[in-house]
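Here is a short briefing on one protein model. Keep the sequence and the coordinates open while reading.

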Amino acid sequence: MPVIATAGHVDHGKSALVEALTGIHPDRLKEEQIREMTIDLGFAWLTLPNGETVGIVDVPGHLDFIENMLAGVGGIDAALLVVAADEGVMPQTREHFAILTLLEVCRGVVALNKTDLVDPEWLALVEEEIRALLQGTCWEAAPIVPVSARTRAGLEALVAALQQALEGQPPPPDLGRARLSIDRVFTMPGFGTVVTGTLRDGCFRVGDEVEIWPSGRRARIRGLQSYRRRVEQALPGSRAAINLSGVSPEELRRGDWVTVPGRFAPTALLDAALIHWEGSPRPLPHFAEVKFFHGAAQIMARVRLLDREILPPGEMGFVQLVLSRPTVVAPGDRFILRWPSPSITLGGGEILDAHPARRHRRLRPEVLTTLRALHRADPASRLRVWLREAGSLALPEASRRLALPPETVRRWFEALAERGEAIPLAGDLWAAPDWQARAVGQLVERVEAYHRENPLRRGMPREEARSRLGWPAPIFEAVLQAALREGQIEEIGPLIRRPGFTIRLTEAQRQQVETWLTGLRRDPWHPPTWKEAEAALGRELLQALLDEGRLIRLGEELVMPTETWNEAVARIREHLQAHGTISAAEARDLLRTSRRVAVALLEQMDALGITRRVGDVRVWGAESGGDPGSKPSAS
C-alpha cells in the first residue's frame, strides 16, 4: 500500500486536484475551508486501475506552513508535484522540490494544473521551466502531465502516470522494527486515543503491545484502520490509524513514535552526512542552531561540523547533530534541517549512526574515514565498519545501533564471518579479523600507562584494566590470555604487568627509605604500626616496600622489616628444636619485645603454616613438613 504526498506552491490547486482524483476533500479544518487554503496535513486515498490502493497526504504550500508539510513527507513512496500553469515555478515549488530530493523521494509525477487558464504557447513555456527545475536531479525523467482539476481534463492520464511511477517498486520491507511517526492525535467517542501516521519497517497487529518514544511509555493496540477500513494487521508503507489503550491524548504529540517494544532506544546525538541546499541563504557555521525534521518530529538542534569550519550552500559535509531532546532514528533514515530565522530549508541528508559512542573530535582523519564508510552503507557494511573501529562488538549493542532484531543482526554477522570479515567469540561477541593484535596492543598500552602513573606499584589489578578498557569480561579474558601467550604481559596473582617491570625508587625516595629503616634497626623488636609507617613514608612508598618484600605486615596493625622477621622465625625455630613448643610469653621473652608484637608474629607464622597453634602454645607447622629444622619462609 504505497503512500504519495503532494508538493508545490500555495494556491496551485493541490487539494482541488486530490479531490478531483479521489472524491475526498483533504481540508478537514474549518479554518482551511473558510480560507480555502491548506494549513495542516490532509489525507485521502485512490484506487489505481490495477486495483492497488494508494494513500495520499496533502500538504500545505504556504510559506508559513511548510513545517507542517515536512510532517507529511516522511516515509512516502512517491510525490505528486503540482505546478499551476498560470504562475509556473514559484518559491515554494523550488523549496518543496528541494525537500523531496533531499529526502531522496525520486519517484513521482509533475501535475501541470490549471491548464484551462492559459493558451498552448504559454503552457509550453511553463513546461520548459519545469524541465529546467528537474534537470540534473533524480526527477529529470519524471512525466509532466497537463491537467485541470476544475474541468477534469487530463485526470486519466495523471492516474496512469502515477501508476507507472509506482510500478516496479518493491513492496516496503518488513524489517521487524515496526514504527509509526505520529502526525495526528485525537479522541474518538467510544474508542479513546487515536493516532495516525505512515507505518514503516514492519507490521502492527490488533492486541500488540507498543512503546511510545521518546517517553518510553507502553500502550496496547486496541484497533487498527487503514484507509477507513478496519484491519487486524497494518502493513509496512500503509497509512494507519491506531486506537491505543493505556495512554491519553495529552501524553502524545506530533512527532512521537509508536514502535515495536525493545527495538529502539532514544538518542540525542547523531552522526550524519549533510547536504547544504544550494538555495540556502548563507553558509553554515560550526555549532549553528537549526531545526531538525525527521518523520513528523521537529526538534531544535546544533550542528557540529566535523570536516570543516564552514559548510557553503551546494556542498556536502559530515556532521554530528546534537538534539535538544531525544528521539528515535535508525541508520539510513533521511532528515531535513531548516534555519530558525529566516525560516527556510537549510539542507538534509542521511543518518549514519544513531548511537555514536561520544562527541567526535573535529577534523580528525580517522573519524572522517569511518563516516565516509558508513555513508550509504548496508547493515553488513555498517557492522564491518563498527568492527574495524572498535575491534569487537556484542550482538545486543549491534542490534541497538542498527535497530534490527538480534536474529537478523546475527545473520549479518554470520555472512561477514563467511567472508573472513568477522570472527565469532564466546557470549554473542564478534570481532574484526585483526582484533587480537589490536586488542593486545591496547591492553599493553593501558598497562604501560599504569606503570608510568604508578611507578611504585608492582602491577595493575586485572579488573581495573578491564574496567578502563571498557571491555566485556569474555573479551578481556581472551585478550589477556593472548597477551600472556605472546609474552607481552605477565601475571602476579591478581595483578598484571609488563615483563621485566620493577619498582624503581627515586634517589630521594631511596634516601627516605634507608633513613627510616636505619631507625628501625636501632630497636628492631618494637616495630611501628601501619599508621606510623604510612605517616613516615606515604601509602605508595610503604606499599612498594611490601611489594618488594623488604617489609612484612603483621596482621592489620604492625609492619616489620623482612630481615627482622627472618631473625624472629630463626630464633623461634631454634626454640622449637630444643623444647618442641613455644608460648606467647616465651616468644616475648625470647625476642625481648612486647606481648602485642609476639602475638602478632606467632599469628603471622600460623597463617603461613610455619607454626601451628595447639591450645595456648605453638608447635612446628605442617607447611614445614613437621621438621623444626627446615628452613623458614618469609612469604
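**Cysteines and the disulfide**

Cys106 is partly exposed, with 34% relative accessible area. The model is a predicted one.

- Cys203 is buried, because its relative accessible area is 14% and the cut-off for buried is under 20%.
- The disulfide count is 1.
- That disulfide links Cys106 and Cys138, with an S to S distance of 2.2 Å.
- The link of Cys106 and Cys138 is left-handed, at -85° about the S-S bond.
- Cys106 sits in the loop between α4 (91-102) and β5, and Cys138 sits in the loop between α5 and β6, so the pair ties together parts that are 32 residues apart in sequence.

**The six-stranded sheet**

- The sheet is open and has 6 strands.
- Read across, the strand order is β2-β3-β1-β4-β5-β6, and the pairing is mixed.
- At the edges stand β2 (42-47) and β6 (144-146), each pairing on one side only.
- On average, neighbouring strands of this sheet are turned by 25° against each other, with direction ignored.
- β4 (residues 78-84) and β5 (residues 108-113) are parallel, and 6 bridges pair them.
- Which residue of β5 is the bridge partner of Leu80? The partner is Val109.
- Helix α5 (residues 120-134) lies across β4, β5 and β6.
- The direction of α5 is about 150° to that of β5.
- A point to keep in mind when reading strands: in a regular strand, side chains alternate between the two faces of the sheet.

**β9 and its partners**

- Is strand β9 (residues 192-200) mostly covered or mostly uncovered? β9 is mostly covered, with 8 of its 9 residues buried.
- β7 (residues 179-181) runs antiparallel to β9, and 2 bridges join the two strands.
- Within that pairing, Arg179 stands opposite Arg200 of β9.
- β8 (residues 184-188) also runs antiparallel to β9, joined by 5 bridges.
- Phe186 has Val194 of β9 as its bridge partner.
- β8 and β9 make a hairpin, and 3 residues lie between them.
- Gly190 is in the turn of this hairpin and has a positive phi of about 85°.
- β15 (residues 239-245) is antiparallel to β9 as well, with 6 bridges between them.
- The bridge partner of Thr193 in β15 is Leu244.

**Helix α19**

- How far apart are the end C-alpha atoms of α19 (residues 595-607)? They are 18 Å apart.
- That agrees with expectation, because 13 residues at 1.5 Å a residue should span 18 Å.
- The expected span takes 1.5 Å times one less than the number of residues.
- The buried residues of α19 are Val597, Ala598, Ala600, Leu601, Leu602, Gln604 and Met605.

**To take away**

- The disulfide of Cys106 and Cys138 joins two loops, one between α4 and β5 and the other between α5 and β6.
- β9 pairs with β7, with β8 and with β15.

Notes
Residues are numbered from 1 along each chain as its sequence is written. This is a predicted model: local features need pLDDT of at least 70, side-chain atom pairs count only at pLDDT 80 or more; totals for chains, interfaces and linings use all residues. Side-chain values use heavy atoms; hydrogens and water are left out. Two strands pair if DSSP finds at least two bridges between them. Helices (H or I, at least four residues) and strands (E, at least two) are DSSP runs, numbered from the N terminus. Axes are lines fitted to C-alpha atoms, for helices over the stretch in contact, and angles run from 0 to 180 degrees between N-to-C directions. Contact means heavy atoms within 4.5 Å. A disulfide is a pair of cysteine sulfur atoms within 2.5 Å. Buried means under 20% relative accessible area, exposed over 50%, partly exposed in between (1.4 Å probe, protein chains only).
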